[in-house]
Protein chains: 2
Amino acid sequence: MKARKATRKTPKVTGGRLRPVGVIRSTLKSRSQAPRQGPEGAPDAWLQVHPWAADALFRLALGDEIIVVTWLHRARRDVMQVHPRSDPRNPLTGVFATRSPDRPNPLGLHPVVVRAIDGTRLRVGPIEAIDGTPVIDIKPVLK
Amino acid sequence: MKARKATRKTPKVTGGRLRPVGVIRSTLKSRSQAPRQGPEGAPDAWLQVHPWAADALFRLALGDEIIVVTWLHRARRDVMQVHPRSDPRNPLTGVFATRSPDRPNPLGLHPVVVRAIDGTRLRVGPIEAIDGTPVIDIKPVLK
């Protein structure tokens, strides 16, 4: 996590393949165990950043509010409409008007607090992502 | 954008390839023109949703606060640390502690308001994404 200068200066247009930068290690093992949103009783979890991306953590600090972006690998990508919160009393709604994990590109946005830092592992929470969920980005919350 | 029931009931584990659900049509044509964040003077823009994803817009409404998730296709993916806001007086910082577009998976998160709806086009803003930026998800802001 030390300072390291970027070496190449010319912009490069790049493709759309995701490369996980880390993984969630949680006591939540299945979607059925997970609350729908972090503040609804989710636990804290470890975010293990892969070694190749560790330099990108430099200056991230204890207590920071961050948005963890995940790839919800257990989600369905062919669902365009859902009953919100899986409650049939809620009218069928387009997934872009809901936070359903099932959607064409199943990205999860998780606003969390950095509770601890242990090398390239961050303790973050509360977070409803299940164990093994790939992390694809980390961003600070804008104030 | 009419109601349509999902037909398959079994969960499916799926891969990590992004599929754009739409595209930004903006008067901003280059990164150098774009403000760093939407509230810093960015214009409104059109978000054109591709026909295959149009059903996912059902019940999205005028005035809704949404997060548009983009793929910042002009960004560099090999940059791990930057001087925030490209100001050399700011100390070198890991990209996970910044909102730099240059990062391993160059996702943009744009909180915007839905200003108008014209079929499968949404007028949204303010948004600093440049013309041609692929949109990969749309989510409501949680209250």
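Okay, to start: two strands pair if DSSP finds at least two bridges between them, and the strands themselves are DSSP runs of E, at least two residues, numbered from the N terminus. With that rule, take chain B, where strand β6 (residues 107-118) is joined to strand β7 (residues 121-125) by five bridges, running antiparallel.

Some housekeeping. This is a predicted model, where local features need pLDDT of at least 70 and side-chain atom pairs count only at pLDDT 80 or more, while totals for chains, interfaces and linings use all residues. Residues are numbered from 1 along each chain as its sequence is written, chains are lettered from A and ligands numbered from 1 in the order in which they are written, and side-chain values use heavy atoms, with hydrogens and water left out.

Back to chain B. Six strands there close into a barrel, in the order β1-β2-β7-β6-β3-β8, with antiparallel pairing. From one strand to the next, the twist averages 45° (angles run from 0 to 180 degrees between N-to-C directions, with axes as lines fitted to C-alpha atoms).

Now over to chain A and strand β8 (residues 134-140). Seven of its seven residues are buried, so the strand is largely enclosed by the rest of the structure; buried means under 20% relative accessible area, with a 1.4 Å probe and protein chains only. Which strands does β8(A) run antiparallel to? Strand β1 (residues 22-25) of chain A joins it through two bridges, with G22(A) opposite V135(A). Strand β3 (residues 65-71) of chain A joins β8(A) through five bridges, and there I66(A) partners P140(A).

Next, the inside. A nonpolar core here is a set of buried Ala, Val, Leu, Ile, Met, Phe, Trp, Tyr and Cys residues joined through side-chain atoms within 4.5 Å. The largest one has 25 residues, and L47(A), I66(A), L122(A), I127(A), I138(A) and F96(B) have the most contacts inside it. Its largest share, three residues, comes from β2(A). Apart from that core lies another, of 24 residues, including V95(A), F96(A), V68(B) and A129(B).

Let's look at L47(A). Beyond its neighbours within four places in sequence, L47(A) is in contact (heavy atoms within 4.5 Å) with several residues, among them V23(A), V68(A), L122(A) and I138(A).

Last thing, charges over rings, which need NZ of Lys or CZ of Arg within 6 Å of the ring centre and within 35 degrees of the ring normal. In chain A, R19(A) lies over the face of W52(A), at 3.9 Å from the ring centre. In chain B, R121(B) lies over W46(B), at 3.8 Å.

Notes
Helices (H or I, at least four residues) and strands (E, at least two) are DSSP runs, numbered from the N terminus. Buried means under 20% relative accessible area, exposed over 50%, partly exposed in between (1.4 Å probe, protein chains only).
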